[in-house]
Amino acid sequence: MDKKNNPFKTILQHSWVRPYIQQNKKLLALVLILATGTFICAGSLMFSSGYLISKSATRPDNILLVYVPIVLVRTFGIFRPVFRYLDRLSSHNLVLRILSSMRVRLYQKLESQALTFSSRFTTGDLLGVLADDLEHLQDLYLRSIFPSVVAVILYVISVIALGFFSIPFALLMLLLLFVLVVLFPLVSLLITRKRQAQAKQAKNALYNTLGDAVMGIADWRISGRQADFLASYEEEEHAQDELEDKIDRFNAYRNFLFQLVVGIVIISMVIFAANSAADGVFTHVWITAFILVVFPVTEAFAPIPESISQLPGYENSLSRLDAIEQTAKQTDQPEMDVQMRLLEESDSYEISFRDVTFSYGDALTATVLKDVNVTFASGEKIAILGRSGAGKTTLAKLMLGILKPAKGTVTINDVNVVEIEKELPRFISVLQQKPHLFDSSVMNNIRLGNPAASDEDVILAAKQVGMHDYISSLPDGYDTRMRELGARFSGGERQRIALARILLQDNPIVILDEPTVGLDAITERNLLNTIFAVLQGKTLIWITHHLVGVEQMDRILFVEEGSIKMEGTHQALLQSNERYKHLYQLDCPIKWNG
């Protein structure tokens with residue numbers, strides 16, 4: 001089997017496996033020694049027990065004749081669980097160390113691409129990686145690598161040991177044990193490889209289906225097609241169950257044949273021991289000892305076919321981890337350093353869209369934006385209006401470098417945002433519909449905007465957004481825990497805390513992605529008043545689907561059908577565009593008091 005078709009060799013040389021084995025090679029060696037010692041002690045225990053039973057059955061004249069085997073039985077009986085305990089302790093310690101390093105590596109990659117998940121990976125892929133693949137790799141060590149290496153070591157030791165008594169019988173055991181250690185695992189791998197790949201794909205499909213259903217559960221309920229979804233999901237689940245049943249049936253047949261070969265090994269050992277005793281190679285009291293030692297040795301070989309047949313699953317997991325890692329963008333570092341220095345030294349920041357076209361997927365019918373040309377000047381306040389799905393949020397994601405245009409460029413001071421995506425959080429802040437708040441103190445949640453900020457800086461930001469008095473009135477003040485997703489506070493309060501975090505960031509550009517959705521009219525107006533007041537002087541890009549507060553904006557863009565249909569100041573559009581005037585009158589019947 002060449003390297004391409006040898007999954008064991010491929011996995012051992014993989015970048016998610018080999019470096020961790022090299023880093024922990026001393027501990028790995030200890031694990032293998034202890035695991036091998038466990039089976040050697042088990043075999044020695046059975047050998048000495050068999051000898052003791054047979055010797056005792058001959059009614060020895062002196063107890064000293066069985067004293068040594070008695071001591072050996074006690075010794076190996078003690079050392080076997082000791083070795084097993086130390087083996088489990090060290091092997092799990094090794095695996096936990098490796099998985100800890102893997103998690104850090106994976107989460108660093110996920111963090112650097114946190115804003116790009118939806119454009120690069122499906123929900124099923126991410127759930128598969130986080131909930132399945134990473135944890136699955138611990139079995140690679142515990143159930144495949146460690147047992148396989150130990151089995152090979154015992155295989156070699158067993159054949160060499162038998163060679164001291166009989167070369168022909170040692171060669172026979174070499175062949176029979178080869179069937180157990182090599183042939184069964186290889187056949188199992190070849191037969192189950194395709195089925196396991198199909199089962200893995202089926203599981204990913206279930207993740208995708210379930211994830212999409214959860215995200216669009218409202219649509220399913222509104223359309224009245226809950227039954228259709230359940231039927232479709234159950235059909236996919238049934239198909240996966242059938243694949244797993246086929247694998248289970250094959251495993252049952254394989255295990256039966258494996259035990260049949262073990263039976264042949266035992267019968268061969270009985271015949272060999274009996275003949276050897278008859279020929280005077282050793283005494284008859286050794287017959288039982290030789291037979292009993294077969295059981296712990298073959299016990300070490302038993303899990304190998306199953307563990308080797310799981311290798312394609314590990315390959316799948318490693319490939320999906322690679323897919324995440326390889327999405328990190330590679331840019332020319334010297335050129336990037338120059339661009340970043342120019343941005344850092346600038347006092348003004350202009351965002352420009354030049355002939356930008358974007359579509360989700362390759363289909364032309366999925367085009368969201370087409371030939372968009374627009375510039376956002378430094379310090380300008382712009383409202384981007386449009387109905388849901390018109391492309392407003394897509395514009396924001398293009399500004400942030402999360403999405404890459406199919407055609408055209410998005411630049412900040414003539415620097416392509418795609419090339420400096422990881423550095424953009426130093427220049428652009430985002431206030432979202434549902435800000436990311438954590439089950440920690442109010443102080444910690446606000447300080448996320450600037451980890452170096454002092455308590456005084458945090459309190460000042462809270463005062464600016466009008467939250468200081470309320471926070472101070474709480475029993476624990478700024479040490480009050482916000483609970484998961486900020487559940488301790490109302491919607492408007494959560495947005496103000498997120499706004500305080502943005503003030504600590506002190507970035508020149510702020511994107512407001514419909515931050516008032518779900519708030520009542522009074523809370524919405526008060527929050528907008530606060531936002532416009534505390535962000536005075538910054539470039540403000542406000543994405544919204546209705547017109548409350550647009551009077552405060554320097555310029556208004558109306559996005560529809562992938563292009564900018566209206567553009568101008570609020571007063572100019574009121575006077576020149578009947579449609580805008582009509583929409584404004586419908587959306588803002590009460591005069592703005594800002």
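**View 1. Helices α17 and α19 cross in a right-handed sense.** Here right-handed means that the near helix is turned clockwise from the far one by less than a right angle, and left-handed that it is turned anticlockwise. The model is predicted: local features need pLDDT of at least 70, side-chain atom pairs count only at pLDDT 80 or more, and totals for chains, interfaces and linings use all residues. Residues are numbered from 1 along each chain as its sequence is written, and side-chain values use heavy atoms, without hydrogens and water. The axes of α17 (residues 455–464) and α19 (residues 491–505) come within 9 Å and cross at roughly 125°. Axes are lines fitted to C-alpha atoms, for helices over the stretch in contact; angles run from 0 to 180 degrees between N-to-C directions. The two helices are therefore oblique (under 35 degrees is roughly parallel, over 145 roughly antiparallel, 65 to 115 roughly perpendicular, the rest oblique). From α17, Asp 457, Val 458, Ala 461, Ala 462 and Gln 464 meet Ala 500, Leu 503 and Leu 504 of α19. Contact means heavy atoms within 4.5 Å. By class, 6 of these residues are nonpolar, 1 is polar and 1 is charged (nonpolar: Ala, Val, Leu, Ile, Met, Phe, Trp, Tyr, Cys and Pro; charged: Asp, Glu, Lys and Arg; polar: the others, Gly among them).

**View 2. Helices α19 and α20 pack at an angle of about 5°.** Their axes lie 11 Å apart. α19 and α20 are therefore roughly parallel. Gly 492, Gln 495, Arg 496, Leu 499 and Leu 503 form the α19 side of the contact. Thr 523, Asn 526, Leu 527, Thr 530, Ile 531 and Val 534 form the α20 side. The contact holds 5 nonpolar, 5 polar and 1 charged residues.

**View 3. An open antiparallel sheet has 4 strands in the order β2-β1-β4-β5.** Helices (H or I, at least four residues) and strands (E, at least two) are DSSP runs, numbered from the N terminus. Strands pair if DSSP finds at least two bridges between them. β2 (367–376) and β5 (415–416) are the edges; each has a single partner strand, so one side of each lacks a neighbour in the sheet. β4 (residues 407–412) pairs with β5 over 2 bridges. Ile 412 stands opposite Val 415 in β5. Helix α15 (residues 392–399) packs on the sheet and touches β1 (351–359), β2 and β4. Its direction makes about 120° with that of β1.

**View 4. Asp 139 and Arg 143 form a salt bridge.** The N to O distance is 3.8 Å. A salt bridge needs a side-chain nitrogen of Lys or Arg within 4 Å of a carboxyl oxygen of Asp or Glu. Both residues lie in helix α6 (residues 123–163), 4 residues apart, about one turn of the helix. The whole structure has 11 salt bridges.
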